[in-house]
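Take a moment to look over the whole model before turning to its parts. The paragraphs below lead from a sheet to a helix, and then to a ligand.

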Amino acid sequence: MNALRPANVATTREAVLSVQDVTVGFGSKIVLDKLNLDVYRGEILGFVGASGAGKSVLLRTVLRLVPRRSGKIRILGTDYDAASEAERMALDMRVGVLFQQGALFSALTVKENIQLPMREYLDLPQALMDELAALKIELVGLAADARDKYPSELSGGMIKRAALARALALDPDLVFLDEPTSGLDPIGAAEFDELIASLRDALGLTVYMVTHDLDSLFSVCDRIAVLGSKRVLVEGTIEDMLKCDEPWVKSYFRGKRARSIVVPGHDDK
Ligand SMILES: Nc1ncnc2c1ncn2[C@@H]1O[C@H](COP(=O)(O)OP(=O)(O)OP(=O)(O)O)[C@@H](O)[C@H]1O
């Protein structure tokens, strides 16, 4: 993997996700205060911040699982609040989500999990859904026989891949990944990062990745946004992060763990 890959960002810089002045709170506690963030077509954006900063809250707000107090969110150029029912449904189909821990339904096989979004949004014959599920299984690098397995029969890495296959079930433009490599060993995590990068390249996906994983940030993210003080504090490439003197950014990206990634084998004694 290339730590300093050129940003593979479409030249048009079309904002596939645009968060404008969004404020979210619970009771008297404000978690996000007039936050702004754009995610551009074709990029892999890594979203980081201290624990409890509000990364999950922002993701859940964008997915409309948490209400916002003010501000606008546009997905693929459409303001969901102003959209018709039909437009909303069309929009929902163009967004895929990989929740932390995979969140597969334990009583359903991998194939049935992948077919859930197809059943919800499309009216397809079973044979076609079976073909599509087989394609998605291959796409994420699972063996064909994973199709009839239940989540309890899968390793952590296989669960992530199956959940990714489900997120890709409807061929989305934009995928949200919530800590996709958490719980994976370093080799499994690196393979998963490579899979995400190759799917982005092959399918032209736009990826919004909440992560604590420095390896992912260095190896596959085109751009990084840092959440702090209820807003996006800093955004830019990994090189920008390495030059940044904002205290949290500095200790995160230039701390001991980060240095061992920038300079492999570096031993900070
Ligand atoms: N439903 C809720 N009701 C009240 N407070 C909440 C709710 N959901 C989140 N919070 C609060 O919002 C803040 C941000 O939480 P969030 O889970 O988004 O942090 P995070 O950045 O994702 O942290 P981590 O990296 O540890 O997952 C926390 O103080 C949390 O307690």
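This is a predicted model: local features need pLDDT of at least 70, side-chain atom pairs count only at pLDDT 80 or more; totals for chains, interfaces and linings use all residues.

Residues are numbered from 1 along each chain as its sequence is written.

With these terms in hand, an open sheet can be followed through four strands in the order β2-β1-β4-β5, with antiparallel pairing. Its edge strands are β2 (29–40) and β5 (78–79), each of which pairs on one side only. Strand β1 (residues 15–26) is joined to β2 by eight bridges, and the two run antiparallel; in this pairing, A15 stands opposite Y40 in β2.

Which residues surround the ligand? They are F26, V31, G49, S51, G52, A53, G54, K55, S56 and V57. Helix α1 (residues 55–62) gives the largest share of this shell, three residues. By type, the shell divides into four nonpolar, five polar and one charged residue, where Ala, Val, Leu, Ile, Met, Phe, Trp, Tyr, Cys and Pro count as nonpolar, Asp, Glu, Lys and Arg as charged, and the others, Gly among them, as polar.

Seen as a whole, the protein chain has ten helices and ten strands, and its C-alpha atoms fill a box of roughly 55 × 50 × 40 Å, taken along the principal axes.

Methods. A residue is near a molecule or strand if its C-beta atom, placed from the backbone, lies within 6 Å of it. Two strands pair if DSSP finds at least two bridges between them.
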